[in-house]
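User: I would like to go through some of the labels used for this structure and ask what stands behind each one.

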Amino acid sequence: MSDDSVAIEEGARKSGVLWLTLDRPRLAWHAWHDGAVYLVSGGEEQPLPGLDALDRVRVTLRSKDNGARLVEFDAEVSVVDQALAGEAVAVLAKERLNARDSEHLVERWARESTVWRLTPVR
């Protein structure tokens, strides 16, 4: 595992937020699972305008301790088939704080939101 790979995994596990370079830098909450960043957008969830038009996105992870830039990397963007990725969606749902409908969150996402997988390009 390269130094960047270690920094990416460690940074993504320790911090629940990251920055995406979209129309402008966008803060997004996420979960790390199975070697990738997972996040959700649309419906009542965080707006991430333009993500749907990208094959790759620039991701910045910052230190949870002092806010300094920890690592930047490019990631391949893909839409997650929520019906086939139950484990990843469950991990992401666990990280969703203050949801108004936590007991029905996954069902709401299936109806109105998009779950994304950002796979670091090595």
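**Labels and their grounds**

Analyst: In this predicted model, aspartate 34 is exposed, with a relative accessible area of 59%.

User: Why is aspartate 34 called exposed?

Analyst: Exposed means over 50% relative accessible area. Aspartate 34 has 59%, so the word applies.

User: Where does aspartate 34 lie, and what is said of its phi?

Analyst: Aspartate 34 is in the loop between strand S3 (31–33) and S4. Its phi is near 50 degrees, a positive value in a residue other than glycine. Most residues other than glycine have a negative phi.

User: What makes asparagine 98 count as exposed?

Analyst: Its relative accessibility is 77%, and the cut-off is over 50%, so asparagine 98 counts as exposed. Asparagine 98 is found in the loop between helix H2 (86–95) and helix H3 (105–112), and its phi, near 60 degrees, is positive as well.

User: Which residues touch the most other members of the largest nonpolar core?

Analyst: That core has 20 residues, and those touching the most other members are Leu18, Leu20, Leu39, Leu51, Val57, Val59 and Leu118. Among the elements that give two or more residues to this core are helix H1 (3–14), strand S1 (17–21) and strand S7 (114–120). The largest share, 4 residues, comes from S6.

Technical notes: Residues numbered from 1 in each chain as written. Predicted model: local features only at pLDDT ≥ 70, side-chain atom pairs only at ≥ 80, totals over all residues. Heavy atoms only, no water. Core = buried A, V, L, I, M, F, W, Y, C linked by side-chain atoms within 4.5 Å. Buried < 20%, exposed > 50% of the residue type's maximum accessible area, 1.4 Å probe, protein only.
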